[in-house]
Amino acid sequence: MKICIIGNGLTSLVLAKNLAKKKIFVDIIYEHHHKESPSARTIGITNDNFKFLKDLFPKIKNRSFSIKEIKVFNHNDLDNALLNFSSKNMNQMYMFKYHEIYNHILKDIKNFKNLNKIKKKLKTLDLNNLSKKYDLIIDTNLQNKFSTKNFYKKIKKDYFSKAYVTIMYHDKIENKVARQVFTKMGPIAFLPISNDSTSIVISHKVSIKDLDRSYIEKLIIKYNKFYKTLKFSNIQSFNLKFSLLKSYYSKNILAFGDKLHQIHPLAGQGFNMNIRDIKYLSNEIDNKISLGLLIDKTVLKEFENRRKSNNTVFAGAIDFIYEFFQLESRSPKIFSKKLFKLLNNSKLLTKYGSIIADKGI
Ligand SMILES: Cc1cc2nc3c(=O)[nH]c(=O)nc-3n(C[C@H](O)[C@H](O)[C@H](O)COP(=O)(O)OP(=O)(O)OC[C@H]3O[C@@H](n4cnc5c(N)ncnc54)[C@H](O)[C@@H]3O)c2cc1C
């Protein structure tokens, strides 16, 4: 059995190891050698997905920092959380520096059996031809002629916002609580990555110019109630878009990763959604192998049937949360206080909200 994965982002590398472990021959076709340089970007992995990654990459735990509690605030009351997610039995999230997790995974798969890397120009790949050589092609890049022609219909939305990320260094504390503050300009997340550093992700409506460093630092200081003696790393920015492809596959070619579905980073769920897709695809392939069946486009049909509805509802829910808080931050304080008291007291909501964020739908 032979599967080709196009692209060498985080999703491709994780999927490649998962498939190669099943003794499937995997070719990764990539364009740029991609060792990530140190940056301010971080990524949070949910408890359930962290277990999955740990099985594939046993030493990954050494790179992580666990978060026990998540608190959600409105900008006009930083003393009382509107929502609170915690559990005695599990951590809520595991934080990684993006370059550390990427480079760890890249190194891990370097000499892995059955896994081969091929450097090629991705725009000029001939997928009609390649599809005859492989049982499946999984495209996380979608820049070639076949994919631009077959995977272009999508539900799209531009948030007209950018995410600004930085690492905030501060006095040492027991740093186990992640906080999200919803402001009129968008959410600001404080995500612990060690006892003396915290990742900051600010989503902010775009203006004509990029926000400057001193404005961003002032914004963080304004909404910081929890850390002392602050210093900041460099600041990086990302455009924020929502997109969901309408067709997941064509022939034996599957669109995958962020190019299949891209969501707002407010809940730290983009890569977590991709891991859930990998898990489903992996189980589907295991089922076929155990029954002695071929790995062919029927796997992709089943993948689309099952994952499309789940991903659409999940991505829609994240978008709803974004829009809800945008509206909420403009509504009378008394209304929102009452509403959130009701939501927070609802054991069902906090329990199932936590489970859905961890395991998906
Ligand atoms: C600020 C921010 C914070 C986030 N935080 C979290 C979090 O806490 N938890 C979480 O689960 N997710 C988070 N995400 C989402 C997460 O980073 C992505 O889901 C994940 O990195 C996507 O990986 P991928 O391999 O599918 O896609 P990509 O990294 O986009 O890679 C796919 C392929 O496309 C290529 N490619 C990508 N961009 C270009 C380009 N511009 N030109 C040419 N080729 C390109 C790559 O080289 C690769 O071959 C966050 C995203 C942002 C922007």
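Modeller: Contact here means heavy atoms within 4.5 Å. Please keep in mind that this is a predicted model.

Colleague: With which residues is Leu300 in contact, leaving aside its neighbours within four places in sequence?

Modeller: Leu300 lies in helix H8, residues 297-328. Its C-alpha atom is separated by 7.3 Å from that of Asn252, which is 48 residues apart from Leu300 along the chain. Beyond the neighbours within four places in sequence, the contacts of Leu300 are Leu136, Tyr249, Lys251, Asn252, Ile253 and Leu254.

Colleague: Is Leu300 buried or exposed?

Modeller: The cut-off for a buried residue is under 20% relative accessible area. Leu300 has 0% relative accessibility, and therefore it counts as buried.

Colleague: Which side chain does the side chain of Asn49 join in a polar contact?

Modeller: Asn49 belongs to helix H2, residues 47-56, and is buried at a relative accessible area of 0%. Leaving aside neighbours within four places in sequence, Asn49 touches Ile275, Arg276 and Lys279, among others. The polar contact spans 2.9 Å, and the partner side chain is that of Asn272.

Colleague: At roughly what angle do the axes of helix H1 and helix H3 cross?

Modeller: Residues Leu10, Leu13, Val14 and Lys17 of H1 meet residues of H3 that include Tyr98, Ile101 and Asp108. By class, this contact of H1 with H3 comprises nine nonpolar, two charged and no polar residues. The crossing of H1 past H3 is left-handed. The axes of H1 (residues 10-20) and H3 (residues 98-109) come within 10 Å, and their crossing angle is roughly 35°.

Key: Residues are numbered from 1 along each chain as its sequence is written. This is a predicted model: local features need pLDDT of at least 70, side-chain atom pairs count only at pLDDT 80 or more; totals for chains, interfaces and linings use all residues. Side-chain values use heavy atoms; hydrogens and water are left out. Axes are lines fitted to C-alpha atoms, for helices over the stretch in contact, and angles run from 0 to 180 degrees between N-to-C directions. Helices (H or I, at least four residues) and strands (E, at least two) are DSSP runs, numbered from the N terminus. A crossing is left-handed if the near helix is turned anticlockwise from the far one by less than a right angle, and right-handed if clockwise. Ala, Val, Leu, Ile, Met, Phe, Trp, Tyr, Cys and Pro count as nonpolar, Asp, Glu, Lys and Arg as charged, and the others, Gly among them, as polar. Buried means under 20% relative accessible area, exposed over 50%, partly exposed in between (1.4 Å probe, protein chains only). A polar contact is a pair of N or O atoms within 3.5 Å; within protein, one must be able to donate a hydrogen and the other to accept it, and residues adjacent in sequence count only if both atoms are side-chain atoms.
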